[in-house]
Amino acid sequence: MGSMDREYWRDARVRNSRRPSWSVTNWLIALCIGVFVVDAFLPRTWQVVATKWVGDPSLRQAARQGALEYRIAEVNANPARVASVEQPVVALTPRGPETVVQRTLRSTPPLAKWLSFSTATAIYTDMPGSGFAGLEIWRFIGFQFCHADMNHLIFNMIGLFFFGPIVEAFLGARKFLAFYLICGIAGAVLYLLLNAAGFAVMQLSGGKPIVPGLLFNDPYTPLVGASAGIYGVLIASARIRPDDTVLLFFIIPMRMATLAYALVIIAVGTVILGGARSGWNAGGEAAHLGGAIAGWWLIARPERLQGFFDFLGRASESVHARREQRAAAAAARTIERRNAEDAEVDRILDKIKMQGLGSLTEGERRVLKDASRR
């Protein structure tokens, strides 16, 4: 039996016959491209991507307790022309001004700055000079629509274009959107857990990364990209159609299941071996792994996706069902109005029978005239 004869593809053709031509996959691709293009035309700004304690260690406790006043050095460089700068945070101590924190600022488009994910913004930070920050929950979804550069965007969108329709046909549009976003959120959560644990270990071990598999990058390091959701889509595609042939780099033929699980193995190896190596993208691979785990689990339990959008106050029915309900309610109101009009016509006809045509008022004559036109 061919893949197009399977039950979920037949059901998908029926669903697609009632839906607009644009799929959720197309909308996700368009949104990612739109964010990237709009950001390219907006003025760039500075984003904190790393912080480092410097100077006298005895000042740290006082700094964390808020017992010192701070002055953040001004940045005179233009973010449109300079890629990154160092910005000192100076504490006003009894001995005079002393630098306690060195912040690294990166030139960043404004949407990417507002949407990108990091451990510091997701949990909290009280780093001197930053004030209280954290609990910025929107970033768990927002980072999925930002990309570091054109290559990052192109490769992710190619993956979503080829594998997204397979999962969307299997789940349906609404569940697929929930599936995709949950996989992205799972990627951010795994990144967050490994980075927070790595930061805690660094604090306890005096700055030495000693536990393989944890992420020891700075909590301010931003995470962007649709890759976590796409890894979930890829794993789901491999479970739906494991024996389909795909072309790696558009050249090398490979079973879909082989490609998907090979990429997961690479992600696991990078996280375990590269967590303490600055040149390895262990953070990104951790997000990939989180998305893959969520995709593997959810594609076997699609019923768990049913109520994902309920927290937004939406009903669990599809948009099509809600439209049918509104149309049915409007039809019921029309029938009720027509029944009332028919009852009035019957009353007037009975009056004519009993009292004659001359007994009608002007209003009753208009009712009869309107009824004859209908």
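Why are R347 and E344 separated by about one helical turn? The answer is given in point 6.

1. Basis of the note. This is a predicted model, in which local features need pLDDT of at least 70 and side-chain atom pairs count only at pLDDT 80 or more, while totals for chains, interfaces and linings use all residues. Residues are numbered from 1 along each chain as its sequence is written, and side-chain values use heavy atoms, with hydrogens and water left out.

2. Overall build. The protein has 13 helices and eight strands; these are DSSP runs numbered from the N terminus, helices being H or I of at least four residues and strands E of at least two. Of its 374 residues, 40% are buried. Buried means under 20% relative accessible area, exposed over 50%, and partly exposed in between, with a 1.4 Å probe and protein chains only. Among contacts (heavy atoms within 4.5 Å) between residues at least 6 apart in sequence, 67% join residues at least 24 apart.

3. Nonpolar cores. A nonpolar core is a set of buried Ala, Val, Leu, Ile, Met, Phe, Trp, Tyr and Cys residues joined through side-chain atoms within 4.5 Å. The largest one has 47 residues, and F163, V167, F179 and Y180 have the most contacts inside it. Two or more residues come from each of α2 (24-41), α7 (150-171), α8 (173-204), α9 (227-240), α10 (256-274) and α11 (282-298). A second, separate core holds 18 residues, including F117, F143, L194 and V201. Leaving aside residues up to four places away in sequence, Y180 touches L28, Q144, L160, A226, G229, I230 and V233.

4. Aromatic pairs. The whole structure contains seven aromatic pairs, that is, rings of Phe, Tyr and Trp (its six-membered ring) whose centres lie within 6.5 Å; planes under 30 degrees apart are stacked, over 60 edge-to-face, and the rest tilted. F117 and Y191 form an edge-to-face pair, at 6.2 Å centre to centre and 70 degrees between the planes. This pair links distant parts of the chain, 74 residues apart: F117 is in the loop between α4 (110-115) and α5 (119-122), and Y191 is in helix α8. F117 counts as buried because its relative accessibility is 0%, and Y191 is buried at 2%. Together with F140 and F143, F117 and Y191 form one aromatic cluster.

5. A buried asparagine. N156 lies in helix α7 and is buried, with a relative accessible area of 8%. Its C-alpha is 7.8 Å from that of G225, although N156 and G225 are 69 residues apart in sequence.

6. Salt bridges. Side chains of opposite charge can pair when their charged atoms come close. The structure holds four salt bridges, each a side-chain nitrogen of Lys or Arg within 4 Å of a carboxyl oxygen of Asp or Glu. R347 and E344 meet in one of them (2.8 Å, N to O); they are separated by about one helical turn because they are three residues apart in helix α12 (residues 319-355). R347 is partly exposed at 40% relative accessible area, and E344 is partly exposed at 29%. E136 and R139 also form a salt bridge (2.4 Å, N to O), and both E136 and R139 are buried.

7. Surface. I251 lies in the loop between β7 (245-248) and β8 (252-255) and is exposed, with a relative accessible area of 66%.
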